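Please read it beside the sequence and the 3D view.

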Amino acid sequence: MNLCKIYLKPKKEESLLRFHPWVFSGAVGSVDGKPAEGDLVEVYSANNHFLGIGHYQIGSIVVRILSFTPAEIDIAFWTERIRQAYKLRRSIGLIRTGTNDPLQLSNSPVNDTYRLIHGEGDCLPGLIIDIYASTAVIQAHSVGMHYARKDIAIALCEVLGSNLHRIYYKSEGTLPFKADLGEENEYLYGGDNKESSIAVENGIQFHIDWQKGQKTGFFIDQRDNRTLLQHYAKDCAVLNMFCYTGGFSVYALRGGASLVHSVDSSAKAIALTNENVALNFPEDVRHQAFAEDAFKFMESIDDKYDLIVLDPPAFAKHRNVLRNALQGYRKLNAIAFKKIKPGGIIFTFSCSQIVSKNDFRLTVFSAAAQSGRTVRILHQLTQPADHPINIYHPEGEYLKGLVLQVE
């Protein structure tokens, strides 16, 4: 197949030679052919040296590189990349189904909830695949991945085999709106079965709403941080702000918290939280959930909590609102510093990709200074191993967190 070719301006190939997977519009010198958004294109230096093959798109990022060596982007290609990603998750002991598997430790709790493909981190920019028990949820963040969805589904079936019962494609909210694809979310394999919507994370059961829930239905990236919180929760009064489906709340209950309060502005999120608590701790009187505005709720809490979790949605998705986002993080953390009991613990996070680790830490520092209390950093947190960061693509490090002790 003859592909259109992108030629870069002189000396603009350095980032690709360092394996950064994006070609920016300012680096393009000329285009041989008329590629449409989503087409595969080859990228060359100004002196005709092959640099990579990837998906063409309209915008500041012109090409997302799939391979830095000549390659046929077919079902075999997708199968091999997915197989490599699956092998990694297996090798680190993340996939634990409870069956007689020699790779599983006998005392490890079941875990069938994980991210299989994490975009650039798995050398497949623009593609997310999350696994919930026997369900795979695909999200495309580029038109090229959207066009390849059926081949990707075939490759998934090849790699996961009988462990996979359905594939749900959920990209209405992630594809470039200007592409005007007019596509709806759909099952690419299998079909709807509400009885199979429960997945297990570290031995804890969760209802997963992959059709209507946020992202792919669950925030898998906080798994390790939820486990850490469990170890701090014993005998604590815990407040879980922006609780969504109650992940931190359920782990706190398992850790022996004396009480857990979950807060979210969404009544639907509160309903999901209550369902997940009941699924694991039926009729447990330690838990209460509140559908209220986060800032208003926190202003009224006085000093009743020993442990507070601040895991808000992304305050900034675009750089032009970064300043407002940092002000939001500072205000939120300042209230927590003011209200928490002496000796209390705060788990605070930012999932905004454009907020750097340094920006976030300085913002939390500012909030601590404003409170006038002594604050110590106990842990610096990030995303787990199934959300790997391509060392050549530092932009992939989006989740930042701090565990703080407040005197």
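The report takes the cavity, the aromatic rings, the cysteines and one aspartate in turn. The model is predicted.

**Cavity**

The search gives 1 cavity of 30 Å³ or more. The volume of the largest cavity is about 90 Å³. Which residues line the largest cavity? Its lining consists of Phe218, Phe219, Gln222, Arg226, Asn240, Phe242, Cys243, Tyr244, Thr245, Gly247, Phe248 and Asp311. Sorted by class, that lining has 6 nonpolar, 4 polar and 2 charged residues.

**Aromatic rings**

The structure holds 13 aromatic pairs. One of them joins Tyr168 and Tyr187: the ring centres are 4.7 Å apart and the planes meet at 55 degrees, so the pair is tilted. A tilted pair falls between the two cut-offs, as planes under 30 degrees apart count as stacked and over 60 as edge-to-face. Where do the two partners lie? Tyr168 is in strand S10 (residues 166-169) and Tyr187 in strand S11 (residues 186-189), so the pair ties together parts 19 residues apart in sequence. Tyr168 is buried, because its relative accessibility is 6% and the limit for buried is under 20%.

Elsewhere, Tyr7, Tyr44 and Phe50 form one aromatic cluster.

The table lists both contacts.

| Charged residue | Ring | Distance to ring centre |
|---|---|---|
| Arg149 | Tyr169 | 5.6 Å |
| Arg286 | Phe281 | 5.8 Å |

In the Tyr169 contact, Arg149 lies over the face of the ring. In the Phe281 contact, the charged end of Arg286 sits over the ring.

**Cysteines**

How many disulfides does the whole structure have? The search finds 0. A disulfide is a covalent bond between the sulfur atoms of two cysteines. Cys236 is in no disulfide. Its nearest cysteine sulfur belongs to Cys243, 18 Å away. The cut-off for a disulfide is 2.5 Å between the sulfur atoms.

Is Cys236 buried or exposed? Cys236 is buried, with a relative accessible area of 14%.

**Asp306**

Asp306 sits in the loop between helix H8 (294-299) and strand S17 (307-310). Its relative accessibility is 21%, so Asp306 counts as partly exposed. Asp306 and Asp235 are 71 residues apart in sequence. In space, their C-alpha atoms are 9.0 Å apart.

How values were computed: Residues are numbered from 1 along each chain as its sequence is written. This is a predicted model: local features need pLDDT of at least 70, side-chain atom pairs count only at pLDDT 80 or more; totals for chains, interfaces and linings use all residues. Side-chain values use heavy atoms; hydrogens and water are left out. On a 1 Å grid over the protein atoms alone, a cavity is a set of points where a 1.4 Å probe fits but cannot get out, and a pocket is an open set with protein on both sides within 12 Å along at least five of seven lines; lining residues have an atom within 4 Å of a point. Grid points are joined across faces, edges and corners, and a volume is the space filled by probe spheres set on the points. Ala, Val, Leu, Ile, Met, Phe, Trp, Tyr, Cys and Pro count as nonpolar, Asp, Glu, Lys and Arg as charged, and the others, Gly among them, as polar. Rings of Phe, Tyr and Trp (its six-membered ring) pair if their centres lie within 6.5 Å; planes under 30 degrees apart count as stacked, over 60 as edge-to-face and the rest as tilted. Helices (H or I, at least four residues) and strands (E, at least two) are DSSP runs, numbered from the N terminus. Buried means under 20% relative accessible area, exposed over 50%, partly exposed in between (1.4 Å probe, protein chains only). A charge sits over a ring if NZ of Lys or CZ of Arg is within 6 Å of the ring centre and within 35 degrees of the ring normal.
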